[in-house]
Structures are given as structure tokens and as C-alpha cells.
Amino acid sequence: RKIPILLQILSTLPPTTVLYVKIVSKTLLNLTLDSEFLKLSRSVSPPTIFIHQFNSNRTNTLKFLKFVVDYNFDHDSNVHLALQLYFPVDPVFLVGSVHGFVCFNYFFGNVDGIYILNPTTREYIILPEPQRVRKWPNLVTYGFGFDPVRFEYKVVRIYQEEIRDNDTNGFRYYKSEAQFYTIGKGYWRSSVEHVMFCFGCRAYGVNLYGRIHWLVSDANGNELICSFNLENDLFESFPTAPGYNKENCPNLRSLGVFGRCLCVCDNNADTHFEVWVMKGYGVTDSWAKEIVINITPEYNDWLCYEMINLLKVLDDGEVLFLWRNDFLFLHHPVKKTLKSLDIREGNLLACGHVSSSLSLKNFEAEVVNVF
């Protein structure tokens, strides 16, 4: 279909200008929420897999990989970045990628900070340091997401304070709050509410439908999915996928996105690995077991007893997974094939990525550096 000229014009505006345009009329608001607008406002570059590799000799590199014939990887050496040349603080961890922007968290001693960078424009910003220092036994985790209503990008920091109940022989639970930073605002804010959930410290949040999601445990040890709504800055929660009990290891279950649905990867069983998909967002009865990979003797050494993350569903239905932080593998649910991908040069983290030419200089109150 033909794209309205007004939609094309709006797609070229910086986010701060779009925010003002949206309040002019309901027609303009609806245009900016149009899926075609969101496509236009980003690059037409094909989706890729973004790899953050790190190893014992303190090297951190970024690689952008795309699938070519027979789903082999094509490395684009022009956009490989040696992080340690520009970001010497070690370690640096990948939080996520949204519309071409990549978010990294670094912490060293009492320093706990965030970089946002656009590898296409080679620009980056360093967020001001948040309040409340990360210090054991208190925990911190992050998420990076996009609010399609306000057209804002937000970093969410979950600060988890350990609480000991002296009336129950020192039983431990966590009181968690969200501290969030809107790119272009220049400061951190804190949510008005707290939740009695433990988010842990390993997994970063999953961005979907204007919310960031985490697998959490409540004060009784039950697993839930907790989300932070980026429009109203409030927590919400709903039941997790079936199959979890308190004897399971929570570090063998991970949250991801299957198409446009939340999914839970569960590797607790001795005999198989499974993926549950929530077909209706927030609807408990819509959980369906989408993938089952039987752990046969040939796969026993490298498939079981570790966390597996779902990274991407490819065009033909094949699914790309990350095993721990060691290697990628492909599984075809219909053909029942399983293939390990050898790209290892140290440990790695990975997520989906779509490149964008949107400049960080469009956001007010940010000091933009170039690397």
C-alpha cells in the first residue's frame, strides 16, 4: 500500500519533536503509533544477531551477524567494535538492543553505570550514576525498552533490597523498586511503588509491548512474570509458564520472545528441554508447549543442566538459541534438526538487533560522544 506523505515526514523527525507533534491532534497520534511509522523511523536494514564476546584477556568485542544461505553466519567486519578501546571499565555486560540503540551495563567496585550506543552512527552516551549503590546482599538488574505511546526510550534499574524477618528466624525476601532513566531527560527517577519480588542479578529484562519483563520469585518462592509498564511506570505481574515447582532451579529457566509472544525456556528436566509460549499476552490459559527437544545421548554433554535463552525465530521456523554464554545452536521444530554453530572466541552474550541511523544528538540533555 502507498505510504502517506505525512507519515514519511513524521518518520524523519527526532523523537523529541515527535513527542510534541503527537499532542497536536488525535490523527497525528494515531499516525505515530502506526506500525508503518515505526518501520520507517528505523533503518530498512535486515535484522541481525548482535554478539558481545568477552574472554579472560579482558577483550570485549561487538559483532553483527546475519544469516545467509543455509543459515550460515555472515560476519560484517566493518561494524566489529573493540569495546575496550573506548570503554575501558571491565566487565561490561549487554543489557539489550532497541531500534538500533544498544545498552550496556558496567560495574566495578561501587561504580555501577550504563552506556547507550548506536554502532551505526558510532555515537554513545554515558548515563549519570544512579542512586543506591549495588552492594551485597542487595541486588541489581536492568532492562532497556521503548514506550510507543510517548515515543521514549527508557533504561530501568531494579534495585532489590534484602529484608530479613526476625519473627521467622531470619527468613529472607526482597523489596524491589524501579529506578528509570528516560533518554533525553538527563536524570533518574524512582517508581512510587515497591514489589516484594526477587529479580535476581543475572537476567536482563525482555522488552515487549511497551513493557520490560522479568522472571521473578515472590516471598514464598513462587515464580511469576513481573513487568514494568514504560508508559505509567508501574509494576504488573501474572502467572508464569506451567511446569515450575520450588524444587526446580530458577537458573535453568529463562524468559524470551517467540515471534511477538512471551516465552519461557525450561531446562530443568533430565530428559528434554522445552519452550512454553504465551499466545495471549497476560492470559494464563494461553500458555502452550511449542518446542520439545529430547536430550538423547549425543546431545547430553552440551544440552542439559544449563540455562538456554531463545534469541530469534527465523523465517522458516527454525529457532536460534544461546546455551549459557558458550555457543549458539539452531533447532527446527518440524524437521527435528539440531545444529551447533561454531563462532566461539571466548564467552558471549547475544540479542536481536536492527540497525538504525537515528542520532543520539536528537535527544536533549545528553552529552554525545563519538567512537
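## Close-up views of a predicted model

**View 1. A hairpin made by β18 and β19.** β18 and β19 form a hairpin with 2 residues between them, and Gly259 in the turn has a positive phi of about 70 degrees. Strands here are DSSP runs of E with at least two residues, helices are runs of H or I with at least four residues, and both are numbered from the N terminus. Strand β18 covers residues 253-258 and runs antiparallel to β19, with 6 bridges joining them. Two strands count as paired if DSSP finds at least two bridges between them.

A word on the model: it is predicted, so to speak of a local feature takes a pLDDT of at least 70, side-chain atom pairs count only at pLDDT 80 or more, and totals for chains, interfaces and linings use all residues. Residues are numbered from 1 along each chain as its sequence is written, and side-chain values use heavy atoms, with hydrogens and water left out.

**View 2. Strand β19 under cover.** Strand β19 (residues 261-266) is mostly covered, with 6 of its 6 residues buried. Buried means under 20% relative accessible area, exposed means over 50%, and partly exposed is in between (1.4 Å probe, protein chains only). In a regular strand the side chains alternate between the two faces of the sheet. Here Cys261, Cys263 and Cys265 point one way, while Leu262, Val264 and Asp266 point the other way. On to the next strand: a hairpin of 5 residues joins β19 to β20. β19 and β20 (residues 272-278) pair in the antiparallel sense over 4 bridges, and Cys265 stands opposite Val275 in β20.

View 3. The side chains of Arg157 and Asp112 meet in a salt bridge, 3.0 Å from N to O. Arg157 sits in strand β10 (residues 152-165) and Asp112 in strand β7 (residues 111-118), so the pair ties together parts that are 45 residues apart in sequence. Arg157 is buried at 1% relative accessible area, and Asp112 is buried too, at 3%. A salt bridge here is a side-chain nitrogen of Lys or Arg within 4 Å of a carboxyl oxygen of Asp or Glu. By this rule the count comes to 11 salt bridges.

View 4. Arg132 and Glu177 meet through their side chains in a salt bridge, 3.1 Å from N to O. Arg132 is in the loop between β8 (123-126) and β9 (139-147), and Glu177 is in strand β11 (residues 171-182), 45 residues apart. Arg132 is partly exposed at 33% relative accessibility, whereas Glu177 is buried at 8%. Asp233 forms a salt bridge with Lys154, with the closest N and O atoms 2.7 Å apart. Asp233 lies in the loop between β16 (223-229) and β17 (234-239), and Lys154 in strand β10, 79 residues apart. Asp233 and Lys154 are both buried. Salt bridges that share partners also join Arg132, Glu161 and Glu177 into one network.

**View 5. An open sheet of 4 strands.** The order is β22-β23-β24-β25, and the pairing is antiparallel. β22 (308-313) and β25 (337-341) stand at the edges with a single partner strand each, so one side of each is left without a neighbour in the sheet. Strand β24 (residues 327-332) is joined to β25 by 5 bridges, and Leu328 has Leu341 in β25 as its bridge partner.
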